Amino acid sequence: MKVEDYFEKKKSETDMSFAFLVERCAHSEETPYGIRLCQNIELDKPLVLVLPGTASEKSVLHLTNGLLKKVDNFVFQKFDKNAVRVCAAVCRYGKFFDPDTARQLLYLFYKDYKTYEKRLDNFVEQEQQEYILPNYVQNIFELVLAPRFFETDFLPFETVLKRVQKLVVLTYCHGAYSWMKLEHCLQRWLKKSPYSAAQKQRLLKSITVLAYSPDCPLGVSKAQFVSLASASDLSLKHGNGFIRYVHRALFVEDFGLSYLSYRRGNIFYCAQYSKCGVEGNPRVFKAVDPTEWFENVHRKKDKSETPILAEHDFLGFVPYPNMSKAALKLQKIGVRILLNALEDALSENPKLLSVFALIGGMKNNFWSCLKAKTKGMMFAPVYFWWRLNPNHRSFADEVRFVSID
């Protein structure tokens, strides 16, 4: 069945959210866009699971396919197609789930639980069900995670560990929320399991999650969750104060590259993806006609146009002409994390890789990452003193975003 037909069929069957997996394939009459349903996932083969950002129902297949194609092309430049599998989740959110509201609630869940409970009480039962554990997340869990842990009963720990070590998750934007909810679902399952507390911790830590521009609270995932983001992406809310601090003025502080360790999110920030206005480059302003912009917001880009990378775009693996030096370093770090995670998953005896090992250890990105870590260590005390100042202000706090479908 064509992916488009399957999507329409699923929509007709439920008003709840749902998800299914797709993978890239050759173009044919049955697969005109080069994607097909992903079935029969081998548990002994490394799998890259791509969790995309949000999209309207009209564009969800197109945008998911676009993100999947970028990941697929990169992975299979480096690895044999028979050795690794790459798939993406197509997510439809239905009538009872709003992604913006869901991310706000997840933030409150970790940062202000009493307000979270009050907000949740304002929704009808189906909405509450979706926001507590979305149906589309349960679909992904049943397809990707459950078979690694359970057959007729929970599998022996060593079997589960080998299967879990084969999983690498790549998320973009809302995809980080999807992973956090997948992790909630997994933790519910593990409560019923016979594994010890140390074994449960080991299983979760064995899953590598590479999160691009994650829109979720950081420092709370139990997986090996490593993030990459632009500090000029003001749509993100991480709960660690970093973006607030570097936007004390109208423009971002030009700090280059910075790494915040686990407690503040295991995240690498660059000041800007764009080189405009940082690293000694002039800041260029361009007048925009609001009407013209709105009319062209969903226009397909002409192939002759020079591609540019915006602050919330998927950083990906291929340099853009407008990228800052720090963004190029950030991109190389993401590449190294994905390659090392997959090489480890392909090995006979996968290891529990630290963030240092994932970024390349002593061989790759060492000095860049050491400088970034030093800057990150300096952030905590300066942020603490800045917050004590009753006159502290952040431009990031004044920016509001709306979704345009």
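**Cavities, a pocket and charged pairs in a predicted model**

The lining of the largest cavity is made up of 5 nonpolar, 4 polar and 3 charged residues. In this classification Ala, Val, Leu, Ile, Met, Phe, Trp, Tyr, Cys and Pro count as nonpolar, Asp, Glu, Lys and Arg as charged, and the others, Gly among them, as polar. The structure is a predicted model, in which local features need pLDDT of at least 70 and side-chain atom pairs count only at pLDDT 80 or more, while totals for chains, interfaces and linings use all residues. Residues are numbered from 1 along each chain as its sequence is written, and side-chain values use heavy atoms, with hydrogens and water left out.

Searching the whole structure gives 2 cavities of 30 Å³ or more. On a 1 Å grid over the protein atoms alone, a cavity is a set of points where a 1.4 Å probe fits but cannot get out; a pocket is an open set with protein on both sides within 12 Å along at least five of seven lines; and lining residues have an atom within 4 Å of a point. Grid points are joined across faces, edges and corners, and a volume is the space filled by probe spheres set on the points. The largest cavity holds about 100 Å³ of space. Among its lining residues are Gln165, Leu167, Val168, Lys205, Asp344 and Lys351. Strand S5 (167–172) and helix H12 (325–346) are the elements that give two or more residues to this lining. Helices (H or I, at least four residues) and strands (E, at least two) are DSSP runs, numbered from the N terminus.

The second largest cavity contains about 50 Å³. Gly219, Val220, Ser221, Ala223, Phe225, Tyr262, Gly265 and Asn266 line the second largest cavity. By class, this lining has 4 nonpolar, 4 polar and no charged residues.

Two or more lining residues come from each of helix H3 (99–111), helix H4 (113–120) and helix H8 (174–191). Helix H8 supplies the largest share, 7 residues. By class, the lining of the second largest pocket has 8 nonpolar, 2 polar and 5 charged residues.

Ile132 sits in helix H5 (residues 125–132) and is partly exposed, with a relative accessible area of 33%. Here buried means under 20% relative accessible area, exposed over 50%, and partly exposed in between (1.4 Å probe, protein chains only). Leaving aside neighbours within four places in sequence, Ile132 is in contact (heavy atoms within 4.5 Å) with Tyr116, Leu120, Lys181 and Arg188. Ile132 and Leu120 are 12 residues apart in sequence, and their C-alpha atoms are 8.7 Å apart in space.

Charged pairs form the next part of the picture. Side chains of opposite charge can pair when their charged atoms come close. With a salt bridge defined as a side-chain nitrogen of Lys or Arg within 4 Å of a carboxyl oxygen of Asp or Glu, the count comes to 14 salt bridges. One of them joins Lys11 and Glu8, at 3.7 Å from N to O. Because Lys11 and Glu8 are 3 residues apart in helix H1 (residues 3–13), about one helical turn separates them. Lys11 is partly exposed at 23% relative accessibility, and Glu8 is partly exposed at 45%.

Another salt bridge pairs Glu23 with Arg36, the closest N and O atoms being 3.3 Å apart. This pair links distant parts of the chain, with Glu23 in strand S1 (residues 18–24) and Arg36 in strand S2 (residues 35–37), 13 residues apart. Glu23 is buried at 8% relative accessibility, whereas Arg36 is partly exposed at 41%. Lys45 and Glu42 also meet in a salt bridge, at 3.5 Å from N to O. Salt bridges that share partners connect Glu23, Arg36, Glu42, Lys45 and Arg85 in one network.

Finally, the cysteines were examined. With a disulfide taken as a pair of cysteine sulfur atoms within 2.5 Å, the count comes to 0 disulfides. For Cys38, the nearest cysteine sulfur, that of Cys87, is 4.3 Å away. For Cys270, the nearest cysteine sulfur belongs to Cys369 and is 13 Å away. Cys38 is buried, with a relative accessible area of 9%, and Cys270 is buried at 0%.
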